[in-house]
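My notes follow in the order I looked things up.

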Amino acid sequence: MKLTGKEKMSYGLGAVGKDMVYMLSASYILYYYQDILGVSAIAMGVILMAARVFDAFNDPIMGVIVAKTRTRWGKFRPWLLVGTLLNAVVLYLMFAAPPDWDGKGLAAYAAVTYIVWGVTYTMMDIPYWSMIPAFTEGGKEREGLSTLARSCAGVGAALITIVTMMCVPRLGNGDERIGFQRFALIIAVMFVVFILITCINIKEKSTVDVDSPGVGQMFRALLQNDQAMTVVLTIVLINCSIYITSNLVIYFFKYDFGGTDWNNSYTLFNTFGGAIQILSMMLFFPLLRKFLSAMQVFYVSFVMAVAGYGVLLFLSFTNMANVFLLFIPGFFIFSANGMLSVLTTVFLANTVDYGEWKNNRRDESVIFSMQTFVVKLASGVAALIASVCLSICNLSDDTSAAAETAAASSVAGLRMTMTVVPIAGLLTALFLFRKKYILTEEKVEEIAGEIREKRAE
């Protein structure tokens, strides 16, 4: 039975909520603790990276737990709801640091809340994405739902990048610390409401009844699924490249682009970028798919991203008095990011079928637990790289006024980290993917047909 419009909308709404939460953490946690509260940039980089190493053990285990779950509500929705409720609480606490703490106390508070946030986010993120192959058939239906979910996730992420620095000063009456606390509370409540709608209206329609894997079996299954590992590594490299930029862009506008109205320029740029990212998933991607295969769109997206970073590097060393000039590289980078996020989800979902075809196991939760882990790992690596950049360049609210530009050597280091490092990461991802990934549309259809024959026997 095909998915109904109500089911599609409910699933997409959940993506909006969860990516609002994720983007708030991924893009602003470093700024909140380092620039507003004064925690050392290196300390924050180490904390964020250590949390992701911890997730190396937590995420796959959570995938196994989800796979073993058997309830009257299915194996995905209970964890989706519980994880959301806990994560919403921790999100608020993470942006509500005690006002009388400083130094080591704040660093410890950041470490504990961020690690717990990662654990609870895993609890809901793995079952959310694992539901795609569990209640869709391969091919157009799965690609359509993946496109919708990623488009809605893009909407959630774009909303955060657009409205955060518009709302925070107003909610805090000029005090960013209070503003972030109140803003996090609003986002947490919206998150719970959206996921609740998803849980009420989405049910597993079909899945293969297989024995739940143990941890050892799980790692063996992943190692045996070479296509899943290829997509996972590609996602790490792509997301790390993108997150380096998203972590540093606020510093770019504050200390490089400068001016008393840097906040307005930052908001305008993010509004444009968010709109383009949404359009890329909802309009550009479907349009290109009419003429090109998914693989061809994937390669086109890589070319666009690298070209965008190249133009940004060039423009950053010219007179950047006009923010509209930055829309040129922004168009290519945000468009590429939107399409790549859709395609990597489709490719990863296809590896579930490949794993069943090759290893006689259908490990939705196991495969998608790796997506959750690698996205957060990329976020941690990017945050560490960004924090090292900030420390070396000596960029913080204590060392430079927002209305003035920082030293030439400092902003040059910031510009290079924002552009050259992402280009290197994207090119590495492209080389790996071209060499290892074999699941073309024809191959996926062939595998799906053989799986149907096996199930009919």
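This is a predicted model: local features need pLDDT of at least 70, side-chain atom pairs count only at pLDDT 80 or more; totals for chains, interfaces and linings use all residues.

**Entry 1: aromatic rings.** For Phe95 and Phe180, the ring centres sit 5.7 Å apart and the planes are at 15°, so I logged the pair as stacked. Phe95 is in the loop between helix 3 (77-94) and helix 4, while Phe180 belongs to helix 6, so this pair ties together parts 85 residues apart in sequence.

I then checked a second pair, Phe331 with Phe332, which is edge-to-face. Here the centres are 5.5 Å apart, with 80° between the planes. Phe331 has a relative accessible area of 30%, so I put it down as partly exposed.

Which residues do the ring pairs link into a cluster? I wrote down Tyr28, Tyr31, Tyr32, Tyr33, Phe95, Phe180, Tyr251 and Tyr255.

**Entry 2: cavities.** I looked for cavities of 30 Å³ or more and got 4. The largest cavity holds about 820 Å³ of space. It is lined by 48 residues, and the ones closest to its centre are Met23, Ile242, Tyr243, Gln277 and Asn337. Several helices give two or more residues to this lining, among them helix 1 (5-36), helix 4 (103-134), helix 5 and helix 12 (364-393).

Which helix gives the most to the lining of the largest cavity? That is helix 8, with 10 residues. I also sorted the lining by class and found 27 nonpolar, 16 polar and 5 charged residues.

**Entry 3: Ala26.** I found Ala26 in helix 1. Buried or exposed, I wondered about Ala26? Its relative accessibility is 5%, so buried it is. Leaving out residues up to four places away in sequence, Ala26 touches Asn247 and Ser379. I also took the C-alpha separation from Ala26 to Gly380: 8.6 Å, for two residues 354 apart along the chain.

**Entry 4: Arg415.** This arginine is in helix 13 (residues 408-436). The cut-off for buried is under 20% relative accessible area, and Arg415 has 14%, so I marked Arg415 as buried. What does the side chain of Arg415 make a polar contact with? I found the side chain of Asp256, at 2.8 Å.

**Entry 5: the loop between helix 5 and helix 6.** Two residues here got a look. Asn173 is in this loop, and its phi is near 50°, a positive value in a residue that is not glycine. Asn173 has 71% relative accessibility, so I noted it as exposed.

Asp175 sits in the loop too, between helix 5 (140-171) and helix 6 (176-201). With 34% relative accessibility, Asp175 goes down as partly exposed. A polar atom of the Asp175 side chain lies 3.0 Å from the backbone nitrogen of Arg177. Last, I took the C-alpha separation between Asp175 and Ile36, which is 9.5 Å for residues 139 apart along the chain.

Terms used. Residues are numbered from 1 along each chain as its sequence is written. Side-chain values use heavy atoms; hydrogens and water are left out. Helices (H or I, at least four residues) and strands (E, at least two) are DSSP runs, numbered from the N terminus. Buried means under 20% relative accessible area, exposed over 50%, partly exposed in between (1.4 Å probe, protein chains only). A polar contact is a pair of N or O atoms within 3.5 Å; within protein, one must be able to donate a hydrogen and the other to accept it, and residues adjacent in sequence count only if both atoms are side-chain atoms. On a 1 Å grid over the protein atoms alone, a cavity is a set of points where a 1.4 Å probe fits but cannot get out, and a pocket is an open set with protein on both sides within 12 Å along at least five of seven lines; lining residues have an atom within 4 Å of a point. Grid points are joined across faces, edges and corners, and a volume is the space filled by probe spheres set on the points. Ala, Val, Leu, Ile, Met, Phe, Trp, Tyr, Cys and Pro count as nonpolar, Asp, Glu, Lys and Arg as charged, and the others, Gly among them, as polar. Contact means heavy atoms within 4.5 Å. Rings of Phe, Tyr and Trp (its six-membered ring) pair if their centres lie within 6.5 Å; planes under 30 degrees apart count as stacked, over 60 as edge-to-face and the rest as tilted.
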